[in-house]
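Please keep the sequence and the model in view while reading the numbered points below.

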Amino acid sequence: MDIFIQQLINGLVVGSIYALIALGYTMVYGILQLINFAHGEIVMMGAMITISAVSILSGSGVNLPGPLLVVAGLLVSIPITMLLGFTIERVAYRPLRKAPRLAPLITAIGISIVLQQVAVLIWKNNPRSFPDLLPHASHDFMGAVITDLQILIVVLALVVMGGLLIMVEKTKLGRAMRAVSMNQSVASLMGVNINYVISMTFVIGSALGAVAGVMVGANYGLAYPTMGFMIGLKAFTAAVLGGIGNLAGAVAGGLLLGIIESVGAGYLGPITGGVLGSHYQDIFAFMVLILVLVFRPSGLLGERVAERA
Amino acid sequence: MANQANGEVLLEISGIHKRFGGLHALSDVALSINKGEIYGLIGPNGAGKTTLFNVLTGLYQPDEGKFTFKGIDLFRKKPNVVVESGIARTFQNIRLFHNMTALENVMVGRHVRTRANVLGAVFRDPKTRAEEAGIHERAQSLLDYVGIRKHGGEFAKNLSYGDQRRLEIARALATDPQLLALDEPAAGMNPKETDDLKKLMEKIRNDGVTILLIEHDVKLMMGLCDRIAVLDYGKKIAEGVPEEVKNNPRVIEAYLGASPD
C-alpha cells in the first residue's frame, strides 16, 4: 500500500471537512471582524443531534435505507443549529457590536463553554458511536484504499462549498454580505438591512457546520460533547492559513491543512524512530498556525491586516 | 432656474441640534427643500455641512428637532429607513465597495427596492431570477446614464477618480431617490470634469430628482443652485437665491472675517 497516496486521500477527506467549518469562521470574521469561537460547538451539536435523531427514528420503527436516515437526521439537526447560530449572535455578539473587540471574544468563549456543558448534560460525557448507515465499500486507487464514505464526504463538501461561493458571488444576499463586509454604514445607506445580513451569515455558517459535524462523526465513527474544541481550533487554523475573511482562502487552507496533517502523521513514526506516533498529528496543525502567524499573518490569500491593527 | 421648483416642500427640518460631547455641531438648524430644486449648502470648513448630511441620511441621530420628508417623520430613523423613503447620498471621501465591480456597486444600490430574501438565494425560483435580471439591467442603464458603462466590469478601486464620483452617483440613483444629496461631488476635479458633472446634475434634476448639494466651488454653486443656505459654526446664517447670499454681509464675514469698521 502506498502510504503517501493513502495519506493524501485521508488528508483530502479531513481537509474538506476543515474547509466547511473554516468557511463558518471566515464568513463571520469577514463581516464582523470577530472570531466566533462557539462555531466548533455548533459542529459538535450538528453531529450529536443527528445521532440522536437517527437513533430515535430507527428506534421508533421507521424503516428507511441508511443514507436516507442520515439525511432525515440532518433535516432535524440543520434547522436546530441554524437557530442556535442565530441565537448566539443575538445574545452574545449583537449587544457588544460597538464594544472593544476583546469583549465579544470573551462572550464567544463563554458561549462555547455553555454549549459544551449543555451537551454534556444531555448526552453525558461519553463518545457516541456514529451509526453505521453510510456505504463504505473500499476501492483500490493508485495503490491506496478509498472508501465510498470518503468519496461521499469530499463530493458533498465540494458541492456545498460550490453552492456557497455561487450564493456569495451571484445572488442579492451574497452581494449584500460582501457590501457589509466592505463598509457597513454605506451598505445600510443602500437599504441593506445590516442585522439581517449578519444573522443570515451566522445561520448559513451554522448549517455548514452541522453538515461538517455529521461528516466528522461518520468519518471517525464517533462523536462526543467535547469534540467541538479541537475540530474548531483546527478549522480556525485553516481559516487563518488561507487568510481569514477570504472564502476561497478558507477552502484552500482547509484542504492544505488536512493534507499536511495526514501526510505528516503518516511519516511521523518512521522519522522519529517510533518515539512519536501518528496520534501526535495535532502538532502539525498548530505548527502551521504558529508559522503562518510569524511569517505570513495575512494568510495565503488574505489581504489587509495592518489597517485594523 | 427657480421657476423649475414648483414650491411643493419635499424635505423640512427645524430645530435640529447635534452635539458631540462638548461640541455643538449643529445648533437649531432649520431648512426646507422644495421639490425639483437644486439646493446648495455652503460654509467654511468645519461649519457642520457634512454633519447635517449625516443627520439627513440617518447616519447620525440628531439630539432634538423635527425632520420630515414628503410628510413622513424621519426623526432619528435608521439609514435603511431613510433611503427607503427616498433620500440617497454620496460621500465627500468616496466610499465605494472597492472590491466589487462598478456594476455590482450599483446593483447593491437596488437592494432597497427589491424583495428577494434568503429563500430566493437558496432556491433560485423564477421570480427571484427575474428580479435579479431586472436589477442587472437597471444597473447597466444607470452606468450608461452617468457615462461609465464601459467600466462596468472593472473593480471600483481601479476606476479613475472622476469615474468613482460618477459611480457613487449611479449607486445612489439606483435607490430611486426623490432627493439626491451630493457631498462635494466636484472635489478634486479639473474644470472639464467639473463642467461635465454640472451637466450631469442638471440632467438628473430635469429627470425629476431634487438635489441637495455641498460644494466649495462657489462659481459652480452660483451657476447651478436655485437656493443656497450658509452654515457657520453649526448655525444657519443665511439662506436665499445665490445673488442674495453672495452679497449677505454675514456670509462675507464668515468667509473673509469681519470688515475693519
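1. The model is a predicted one. The two strands concerned are E7 (residues 179-183) and E8 (residues 210-214) of chain B, which run parallel and are joined by five bridges.

2. In chain B, six strands make up an open sheet with mixed pairing, and their order is E6-E7-E8-E3-E9-E10. At the edges stand strand E6 (87-89) and strand E10 (235-240) of chain B, each of which pairs on one side only. From one strand to the next, the twist averages 20°.

3. A helix accompanies this sheet. Helix H1 (residues 49-56) of chain B lies across E6, E7 and E8, and also across strand E3 (38-42) and strand E9 (227-232) of chain B. Relative to E7(B), helix H1 of chain B runs at about 150°.

4. Further strand pairing is found elsewhere in chain B. Strand E1 (residues 9-20) and strand E4 (residues 64-69) of chain B are antiparallel partners over five bridges. Within this pairing, B:His17 stands opposite B:Glu64 of E4(B). E4(B) also pairs with strand E5 (residues 72-73) of chain B, again in the antiparallel sense, over two bridges. Here B:Thr68 has B:Asp73 of E5(B) as its bridge partner. The hairpin of E4(B) and E5(B) has two residues between the strands, and B:Lys70 takes a positive phi near 50° in this hairpin.

5. How is chain B divided into domains? Domain 1 of chain B comprises 1-86 + 177-261, and domain 2 of chain B comprises 96-176. Their C-alpha centres are 27 Å apart. Contact between the two domains of chain B involves ten residues of domain 1 and ten residues of domain 2. On the domain 1 side, helix H2 (79-85) and helix H7 (191-206) of chain B each contribute at least two residues. H2(B) gives the most to that side, with three residues. By class, the side of domain 1 of chain B that touches domain 2 has six nonpolar, two polar and two charged residues.

6. Two further residues deserve a look for their backbone angles. Most residues other than glycine have a negative phi. B:Asp176, although not a glycine, has a positive phi of about 55°. B:Asp176 sits in the loop between helix H6 (161-173) and E7 of chain B. With 17 other C-beta atoms within 10 Å, B:Asp176 is partly exposed. In chain A, A:Met142 likewise has a positive phi, near 50°, and is a residue other than glycine. The loop that holds A:Met142 lies between strand E2 (138-141) and strand E3 (144-147) of chain A. Is A:Met142 buried or exposed? A:Met142 counts as exposed because 11 C-beta neighbours lie inside 10 Å, and the cut-off for an exposed residue is 12 or fewer.

7. The two chains touch one another. Contact is made between 21 residues of chain A and 25 residues of chain B. On the chain A side, helix H6 (172-182) and helix H7 (184-189) of chain A each supply at least two residues. H6(A) provides the largest share of that side, eight residues. The residues of the side of chain A that touches chain B divide into eleven nonpolar, seven polar and three charged.

8. For chain A, an unreviewed UniProt entry places the feature "transmembrane region" at several spans, including residues 42-62 and 143-168. In the model, residues 42-62 of chain A are 86% helix and 0% strand, and the end C-alpha atoms of this span lie 27 Å apart. Residues 143-168 of chain A are 81% helix and 15% strand, with end C-alpha atoms 39 Å apart.

9. A last point concerns a glycine of chain A. A:Gly266 has its place in helix H10 (residues 247-271) of chain A. A:Gly266 counts as partly exposed, with 19 C-beta neighbours inside 10 Å. A:Gly266 and A:Val70 are 196 residues apart in sequence, and their C-alpha atoms are 31 Å apart in space.

Technical notes:
Residues are numbered from 1 along each chain as its sequence is written. Chains are lettered from A and ligands numbered from 1 in the order in which they are written. This is a predicted model: local features need pLDDT of at least 70, side-chain atom pairs count only at pLDDT 80 or more; totals for chains, interfaces and linings use all residues. Domain bounds come from an automatic or database domain assignment. Two residues are in contact if their C-beta atoms, placed from the backbone, lie within 7 Å. Helices (H or I, at least four residues) and strands (E, at least two) are DSSP runs, numbered from the N terminus. Ala, Val, Leu, Ile, Met, Phe, Trp, Tyr, Cys and Pro count as nonpolar, Asp, Glu, Lys and Arg as charged, and the others, Gly among them, as polar. Two strands pair if DSSP finds at least two bridges between them. Axes are lines fitted to C-alpha atoms, for helices over the stretch in contact, and angles run from 0 to 180 degrees between N-to-C directions. UniProt positions are given in the numbering used here, feature names are shortened, and annotations may be inferred rather than shown by experiment. A residue is buried if 20 or more other C-beta atoms lie within 10 Å of its own, exposed if 12 or fewer, and partly exposed in between; C-beta atoms are placed from the backbone.
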